[in-house]
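Thank you all for coming; I would like to take a few minutes to walk through one structure and the aromatic rings inside it.

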Amino acid sequence: MIRKFKTISALIVLLSFLSLTVLSTSAAQDIPDVPREETLVLGWSLANAVVDSTNPWSLPGYTHQQGNAFMWEPLYYYGIFNSEEIPWLADSMEYTSDDFTSLEIKLNPLAKWSDGEAVNAEDVVFTFEGQMNNTTLPYHAAFNQFVESVEAVDDLTVNVTFKIPAPRFKFEVLTLKFDTGIPIVPAHVLGEVENVNEFLGGLDIPHSGPYTPIVWDLTQKIYDLREDWWAVEAGRAEVPEVKRIVMSNIEGQQMDNIAQRIVNNEMDAALDMRSSVIKSIVEQNPSVTTHSGDQPPYGYLDWWPNALWMNTQLEPYTDPNVRRAMSLAINRELLDDIIYENAGITTIYPFPLYPALQEFADSPAVKALEEELQPGLYDPEQSAALMEAAGFTMNRDDLWEKDGETVSATIQAFEQIHSDIVPFLVEMLRNAGFDSDVNFGADAYQNMADGVTGLYMFGHGASLIDPYAALELYHSRYSAQIGSSAGNNRFSRYSNPEYDAILDEMAPLGADDPRFQELAAEALGMYWTEQIDVPIIQWLHRIPYNQTYWTNWPTAENPGLGVNGAFWAHTGMLVVTNLESAQP
Amino acid sequence: MNYRILTKRLLFLVMVIWAASTITFFIPRLSPRNPVRERFAELARTGGFSPEDLEAIVADYSTRFGLDKPLLQQYGDYMWSIARFDLGVSLNKFPKTVMELIAESLPWTIGLILITTILSFILGNWLGALAAWPKSPDWLKNIATSFVLFQGVPPVLLGILLIFFVGFRLKLLPLGGAYSIGTVPNLSFEFFIDVLRHQLLPGIALVLGSVGGWVISMRGMGVTIQGEDYVTFAEHKGLGPKTIFRDYYLRNAMLPQITGLALALGNVVTSAIVVEGIFALPGLGTILFSAIRSNDFSVIYGIVLFITIAIATLMVVVEFLYPLLDPRIKPQ
C-alpha cells in the first residue's frame, strides 16, 4: 500500500512538473528587458483575439482593438475634439472636383514599412482594389457603392474616381478615427498571399506603425517600439517614450479586480468603467486621473450615443404615437441627476455633440424644431393620451392593453455597459404602463438583429462631424424585412419614401453647403416627429489613466492632438506615442 | 488481467463518450444563436462592416464551417471527425484548432485545479483520519475540525476575499494572472517562483474550500473502522500505533474516499470556469466560458468531449485500481 501510495505521489509530482514544463516551453523565448518606467501596461480583453492575427484582412480573427492599431496606419487620422485632420501616411487628400467625384491623394515620401520598403501608391491602389474586389472585407460595400477606379499617377500620387458624388468618403472611409476607417496594407506582402482572409500575418508581418508584436499568448500581447519608425524622420512624431506596451488579458475578470489592479499601479489604463468604480479608483489613488480629472463625469464624449431602438415594422411600434408615448415616459432630467450626477449627457439627438455637430444642433433651424416638437419632453399625461388615441386601455395591472395584449417593452441590453441605466428605464416605462423588463442575456444582440418585439438599448455609431451618417441609419435601403437579420445600427427597419428623398438629396452635398444644412434639419425634424427611436444618453468613456508611470494622457485640460483617450481605438497609437514618462 | 472484463469496460466507455457527445452536440443547437454572425456582428460593432456585406460574409463562413447543412448531416460529420480524433477549428478564433486551444490552456487547469484537488484530498484525509484516531492529541483534532468551518464557503467567495485582503489591501501577493504582467514564460527559477506566487491565492482558496469535506467524510469512516475486529486484533497483537494507523486504519478507510476523489476530479473543469475567471488564469475553464458566451460550438464540443473522456477513463481506471488497493475486491 505504501509503495503504491509513493508511486501515485511520484506520478502526481511528475505530472505537475510536466505541466509546468509544457507551459514554460510552449512559449519560452528571450525578450530584451525593458524597465517598468518605459513600459505601458494596458488591461484589455483578448478573449476573441486569434493569436498571431495581425493581418487587417484576416477574418474573422482580426480586430484593431486588441493592439493591432499600434501597427497599422492610415492616410489620415482625425482629432475629434480639435475638429482637425491629422495627415499621416498621406500629406494631402483633396477632392479635385466640385461635385466630389474625384480625389487626389499625395503620400508622404518618407513613409516606410518596417522591412524598409517605401509606402507608395501601389500600396494604396492595392488596399483600395482589395476592398473593392474582396466581398469579405469590412468596407467592400462602401467601395462598391462609390468607387469607380483607383489609379497610381506616380509613386506618391493616387487618383480616385467615384461613380457618384462622395463628399464623405474621404472622412468616413479613408480617415481613421474611433473604430472606423481603413488602414493601408502592404501590397508586396498581401499581394503574394493566396488567400488574404486566411493569412493571419504573424508577428513578423511588415507594418508601418511604431510598435511590433514580439509576444502573443493567451494572457498578454507585448509590443516593442521599433527605433526606425518612419514618422520620426518625417517629423510627424517625436521618438516615443513608451518603449514597450503590454496588453494584459482581462477577459472574465470582475470590474472590481481590474480596478484594484489600477489602484495598485499594476496597470496604467484599462477598459472604460462605470461611474461608481471610477470614482472609487480616483479616491483611492491620487495618481489616477480621467478625462475630466478627479471630478464627474470622469469621462469623455464617445461617438456612440444610446437610444431605445425598436422594430418599426412590428406592432405596436408601427404607430408613431406609441413610439412618442414611450419617449414621453422617459424623464431624462432625473436620469441625468441620479445616474450621471448632473453631467448633462442625456440627449435628444442620434449623434454625439462633438464641436461640428454641436454647431449644427445650435443652428437656428434645429433650435426652432426643438422648440416646436419638444423631443426631450417628459409628460406622462400626454403619453397616456397618445396611448388612448392609439386604441389602448389600462388593464387592472396598470398596463396598456389592446386586443388582449400588453405593450411588450422588454429592453435587450448589455449588462457590462448598461447595468446602471437600463433598470431605471424599465421602471420609468412600467410606471407609464408599458410591460417592461430587461434581458441582459447572451442572446440580447441576436434579438436586436432578429427584430424581436420590444426595445433595444444600442448606440448610433455613425456621425462624427456632420449628421448625415446618423440620419442615414434610417434610410429604407437598410430596412430589412421581418424574419431577416438587420445589420448593425439598423435595427429600426424604418421605411419612409419622404425621409429617403431628403437623405438622397443630402448625399452628394458637402456639409458646408447651406442646402445640406437645411435638409439635415428637415430630416432631424422628421426623426423627432416620427420618433423613429428614443434617444436617451450620450455615451461617456470613463477610462482611468494611472499617472504613476505615464503622464500627458489626453484630457479635457490637455487635449493634445484632440483624439479620444481610448488606447484600443484606431487613434490609440497617437495616445500612446504622446505619453511622457513620469519617472524618467 | 481479465480481458473480457476490460473489453466490456472499454465498450462501456465508448458508449458513455458517444452519449455525452450526442447530448453535447444538440444542446447548443437548441439556441437560435449563430456564432459566426455573432462574431462578425461583434466586429461590426467595433466599426467597419456594412449590413449588406455582413450577411454575405456570415453565409460564406457558415458554409465553410458546415453550419448550413442539415442538422443530422452536421451530427454525422461531427461523429466522423471525433472518430478520427479531429476536434475541428474554433468558429470564433478561426483558424485556431480546438486541440490547440485545449493544449495551451490545459497545463494551467492541471497545474492549479488538479493539484489543489489532490492536495485537498491528501490533506483532508490525513486530518480526518487523525481527527478520529483516539490517540491523536486534542490540539491536532481541533485543527482538523476547524477546516470544516470553510466547507460552507464557496472557493470563489474565499478567492474574492483573499484577493481583496491579501492582494489588494496588504499587497502581499498578486491580484491575479498566471504570472507577472510582461513576463514571458521560461524555464528559469525566477519564473517558477513567479508562477508559484500567482498560484498561491487561488490554491489556498481552493484547498480551504474543499479540504473540510474530506475531513468530515474521513473522520466518519475512521470512527466506523475503529470498532472493527481487525483493529482490535492488531492492538492485541502488540503492533505499534503508527503501524495500526497506517496499515489497518487508514488503508481501510481510504477505499470510499478513492471513489470520492474520482468524482471530485470530474468536477475539476466545472469549478475551473469560475475560479479561473476570478483569478484571471488562462485555463480550460476560461476557454470554455468564453466559448459558451460566444456559442462557439466547436470549442464547446471539444472541451466537453475532452472532459467526458477524461472522467469516463478515470472511472474505469479507478474500477481497476480497486482490486490493487483491496485484494478482497475482484473485478465482476
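**Aromatic rings in chain A**

Let me begin with a cluster in which ring pairs link A:Trp304, A:Trp309, A:Phe414, A:Tyr445, A:Tyr456, A:Phe458, A:Tyr474, A:Phe491, A:Tyr527 and A:Trp539, where rings of Phe, Tyr and Trp (its six-membered ring) pair if their centres lie within 6.5 Å, with planes under 30 degrees apart counting as stacked, over 60 as edge-to-face and the rest as tilted. This is a predicted model, in which local features need pLDDT of at least 70 and side-chain atom pairs count only at pLDDT 80 or more, while totals for chains, interfaces and linings use all residues. Side-chain values use heavy atoms, without hydrogens and water, residues are numbered from 1 along each chain as its sequence is written, and chains are lettered from A and ligands numbered from 1 in the order in which they are written.

Over all chains the structure holds 48 aromatic pairs. In one of them, the ring centres of A:Trp44 and A:Trp568 lie 4.4 Å apart with the planes at 15°, so this pair is stacked. A:Trp44 is buried, with a relative accessible area of 12%, and A:Trp568 is buried too, at 5%; buried means under 20% relative accessible area, exposed over 50%, and partly exposed in between, with a 1.4 Å probe and protein chains only.

A further pair, A:Phe70 and A:Tyr223, has ring centres 5.7 Å apart and planes at 90°, and is therefore edge-to-face; both residues are buried. For chain A as a whole, 60% of the 584 residues count as buried.
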